[in-house]
Amino acid sequence: MTGIDYPDLAARFGTPLYVYDGDVLHDTITGLRAVLHPAIEVFYSLKANPNISVFAALHGGGARAEVSSVVELQTVLKAGARPDDIIFLGPGKSEQELRACLETGVYAIVCESFAELDDIERLGAELGKQQRVLLRINPTCAISGSRLTMGGKPRQFGIDEAQVLAAGPRLAEYRHADVAGIQVYMGTRILDADVIGKNTRYALDLAERVVAETGIRLEAVDIGGGLGVAYFEGEDDLEAADVAAEINPMLEAFHRAHPATRLIMESGRFLAGRAGVYVLGVRYVKESMGERFAIADGGTHHHMAAVGIGSFVKRNFPAVLLTPRAAGEDTDDTVEPGPWTVTGPLCTPNDTLLKQVKLPDLRAGDLVGVLNSGAYGPSASPGLFLSHGFPAEVLVRGGAAFLVRDRDEPEDLLRKQHLHQPSTSSTTSTESEPR
C-alpha cells in the first residue's frame, strides 16, 4: 500500500476497483526465489489471479506458469512464457485443452486419471507427438496444518497413491504419453513452514517409491505448494525464509541423488495475495437496530473470498480507510474505532464484505480498502449477479498506474446475449388447431 494514492486512482478509474502493486508482486517472487534452493523452480498458479499484467510482473521476476484452461495458456504465451516453462493442470480437461497442450508443446500435462492418460496417448498418436506427463497422485495420508487438505480422502483430483503403485510397469509402456514424473498437492493456505516441510518430504519420498514400483523415468517432481497468506486475526504470515530453512536441505539431498530431475513448486495466493487491494466507495451510511452499516458500491460479486468461503466462521479480511482525514479529524485515541458492517449493492443479505469491523467513523464518499485481495478476487466471484459485471483492474509499478482490465459496461454484458421473441403468428390456441 505504501506510496499508492488510492483516492487519485479512484478519481481516475472509478470504484469499485482492484489495485495491484506491481512492485510487491516483483519483490515477492524474487524474494522467494532468492531464499529457496536454486534447483527448485516456482510456477505461478494463474487460477489465483489470471490478469495478464499480474502474470507478466511475476514472470519478469522469474516465475514459470501453471495453467488450467486454454485462455490461461494463451495468456501466459502472450505474456512471454516459453512452452517449456508451462504445466497444465485440471481434473476434467477437454479434448480441446489436451490438443492445445500437445500442439503448443507445454512442458507437461499433469494427468489426473488413467482415462485421461489414455486420451493423451490417443491424441499423441493422432498428432504424431510425444507429450510429457506428470501423474497427479492423491496421497494415502493427509498432513494436518493446511486450511484445505487435499489428500488422505476421496477426491476428484489425481489418481490414488495405491492405484499408481499397483499399476506397475504398464505406466512406462505408453509411447506417446511420456509418463516422466509426479505431482503431489497436499493442501492450501498453509501458514506453518513445518507443514510445508512435511508435505515436501512426502512428495519426494513418494516420487522414489513410484519410480521403484513402476519403472517410469523421473524427469520432474512437482511438490505442489500451498503457501498461505494471513487474512484473519490471530494469523501470522508465512515467511519465505522459514520455508527455505525447512525444505532446502531435503531438496539438496534429492537434487544430489537425482541431478537431472526438474523440481517444481506451485504458488498462487502467496505470490499475488498481498499485492492487491479491493477499493470500495461508500454510498450511504445508516444505522439499523443499533448496528452501523456502510453501503458500498462493491461487494461479494467481486470478492467472494472475503465472505469466508471455506470457513465455518465468518471472519474479516484486513480493511482500512483510504480517504485521508483533515488534521484533527478522527484522531482521538481514546475513542475506539468502529464497529462497522460494510455491505455491497446486491439484493441479498449475504452481500456482507466486512462484519463489525473496526474502522474510523465512515461517511458517504469515503474509500475503504480490503487488503490482501490480490488472489481469488474477480475470477473467483459471481460477477454477473444482478448484471453488475466486473470492476476495473489497475497495476501500479514504480509509482505509475496502468489500467490492466476495463470495467464491464452494460453493452459488454449484453453483447453475448441473443434476444428471442416468439411472434404472435406462431402462437396458436387449441380452438384454431385442425380437427
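L134 is buried, at 0% relative accessibility. Buried means under 20% relative accessible area, exposed over 50%, and partly exposed in between (1.4 Å probe, protein chains only). This is a predicted model, in which local features need pLDDT of at least 70 and side-chain atom pairs count only at pLDDT 80 or more, while totals for chains, interfaces and linings use all residues. Residues are numbered from 1 along each chain as its sequence is written, and side-chain values use heavy atoms, with hydrogens and water left out.

L134 sits in strand β6 (residues 131-138). Helices (H or I, at least four residues) and strands (E, at least two) are DSSP runs, numbered from the N terminus. Setting aside neighbours within four places in sequence, the contacts of L134 include I109, V110, I182 and D222. Contact means heavy atoms within 4.5 Å.

Now turn to charge. Side chains of opposite charge can pair when their charged atoms come close. A salt bridge is a side-chain nitrogen of Lys or Arg within 4 Å of a carboxyl oxygen of Asp or Glu. By this rule the model has 29 salt bridges. One of them joins R262 to D85, with the closest N and O atoms 2.7 Å apart. R262 lies in strand β12 (residues 262-267) and D85 in the loop between α4 (70-78) and β4 (86-88), so the pair ties together parts that are 177 residues apart in sequence. R262 is buried at 13% relative accessible area. D85 is buried too, at 5%. Both belong to a salt-bridge network that also links E41, R64, R82 and D84.

R122 and D119 also form a salt bridge, at 3.5 Å from N to O. These two are three residues apart in helix α6 (residues 114-127), about one helical turn. R122 is partly exposed at 33%, and D119 is partly exposed at 32%.

Next, the backbone. Most residues other than glycine have a negative phi, and most peptide bonds are trans. M289 is not a glycine, yet its phi is positive, about 50°. M289 lies in the loop between β13 (276-288) and β14 (291-296) and is exposed at 89% relative accessibility. Y376 has a positive phi as well, near 55°. Y376 lies in the loop between β18 (367-370) and β19 (392-397) and is partly exposed at 21%. The peptide bond from T15 to P16 is cis, with omega near -5°. P16 is in the loop between α1 (6-13) and β1 (17-21).
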